[in-house]
Amino acid sequence: LMTGLFTMALAGGPALATGLSVPLYHAFGDSWRLSLGFWALPAALGALVWLPLRHHDRPAPRLDIPVERRQISFRDPVALSVMAFMGIQSLVFYTILAWMPTILQAHGVSVEEAGFLLALLNSVGIAAALVAPVIAHRMPDQRLAAIASTLALTTGVTGLLVEPRQGALLWSIFIGIGQGSAVSLALMMMVVRARDAAEATSLSGLAQGIGYLIASAGPAAAGALYSATGSWDAALLLLLALLVPQFLAAWWGGHGLVGSVQVRRGTPLSP
């Protein structure tokens with residue numbers, strides 16, 4: 001539940017910003033600087049809310065409970081799958097977030113409608129982010145849920161490629177379902193694939209540290225492909241190609257525990 005609420009907040013910010021940026025642009029006398037600069041205000045508010053928590057009392061650690069510190073190995077297939085799932089779904093999300101309005105406008109969609117569709121995508125993602133981990137927690141493992149989220153993403157991206165104008169509303173919903181559920185499942189995997197809090201911390205550092213590094217290449221690569229080809233088809237085909245390893249990562253990262261597979265006989269991955 002807390003993972004779902006956390007990812008709801010992550011999706012809620014972009015949904016609000018994408019839906020209001022164009023109206024703010026007009027309200028501020030067609031100034032894109034003021035429209036974008038407006039979003040520094042909630043960031044400042046978040047900082048003010050956080051400041052009192054700096055000195056919040058925390059319970060003292062229980063020193064009588066032994067804790068085995070284990071580092072996650074880069075050779076661990078489960079850890080690599082969680083990292084790949086986190087990285088690829090984030091790459092797809094940030095690429096869509098950056099370029100979907102531009103892609104839709106290239107096919108005749110108005111600026112206002114493109115902003116609305118991106119806001120709708122993120123709004124649907126809010127609900128999916130809350131529901132997905134709750135449902136997945138009731139399953140034996142997360143493979144089916146992770147694969148279903150990837151299928152939804154695949155359907156939406158394929159629709160943008162084949163019929164971006166007439167089906168834009170439907171594809172936005174599919175991408176929202178797939179993206180919202182995928183990010184919450186990725187965060188959930190970092191916890192349920194680990195055996196304790198220390199291992200979950202290590203897995204989270206690996207999956208998010210490397211995963212977001214992978215994701216950062218998405219928007220730039222899509223823009224470069226458009227500049228080289230003059231069409232968004234190549235960028236969308238790239239996203240579809242990357243969803244293939246996301247399917248594999250969903251399968252391998254959706255079950256098992258890190259460190260449960262041996263690199264060589266008698267030697268654990270994470271001693």
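**Salt bridges**

I started with R165 and found that it forms a salt bridge with E113, the closest N and O atoms being 3.8 Å apart. For that term I used a side-chain nitrogen of Lys or Arg within 4 Å of a carboxyl oxygen of Asp or Glu. This is a predicted model, so I kept to its limits: local features need pLDDT of at least 70, side-chain atom pairs count only at pLDDT 80 or more, and totals for chains, interfaces and linings use all residues. I also noted that residues are numbered from 1 along each chain as its sequence is written, and that side-chain values use heavy atoms, with hydrogens and water left out.

What does the R165 and E113 pair tie together? R165 lies in the loop between α6 (143-162) and α7 (168-192), and E113 in helix α5 (residues 111-137), so the pair ties together parts that are 52 residues apart in sequence. Helices here are DSSP runs of H or I with at least four residues, strands are runs of E with at least two, and numbering goes from the N terminus.

R165 is partly exposed at 31% relative accessibility, and E113 is partly exposed with a relative accessible area of 31%. My cut-offs were under 20% relative accessible area for buried, over 50% for exposed, and partly exposed in between (1.4 Å probe, protein chains only).

How many salt bridges does the whole structure have? My search found three. D141 pairs with R143, with the closest N and O atoms 2.7 Å apart, and D141 counts as buried at 13% relative accessibility. E199 pairs with R195, the closest N and O atoms being 2.9 Å apart. E199 is buried at 0% relative accessibility, whereas R195 is partly exposed at 44%.

**Two helices packing**

Next I looked at helix α4 (residues 77-106) and helix α8 (residues 197-215). They pack at an angle of about 35°, with their axes 8 Å apart. Axes are lines fitted to C-alpha atoms, for helices over the stretch in contact, and angles run from 0 to 180 degrees between N-to-C directions. I listed who meets whom: the α4 side includes A79, V82, M86 and Y94, and the α8 side includes L203, L206, I210 and Y212.

Is S90 buried or exposed? S90 is buried, with a relative accessible area of 4%. Leaving aside neighbours within four places in sequence, S90 is in contact (heavy atoms within 4.5 Å) with Y212 and A215.

**Near the start of the chain**

L1 sits in the segment before α1 (2-27). L1 is exposed, with a relative accessible area of 66%. Further along, I found L36 in helix α2 (residues 32-37), and L36 counts as exposed at 52% relative accessibility. L36 and Y25 are eleven residues apart in sequence and 8.2 Å apart in space, C-alpha to C-alpha.

**Whole chain**

The chain has ten helices and zero strands. Buried residues make up 43% of the 271 residues. Among contacts with a separation of 6 or more, residues 24 or more positions apart account for 79%. The chain exposes about 14300 Å², and carbon and sulfur atoms supply 70% of it; such areas come from the Shrake-Rupley method with a 1.4 Å probe, and for residues only the protein chains shown count as cover.
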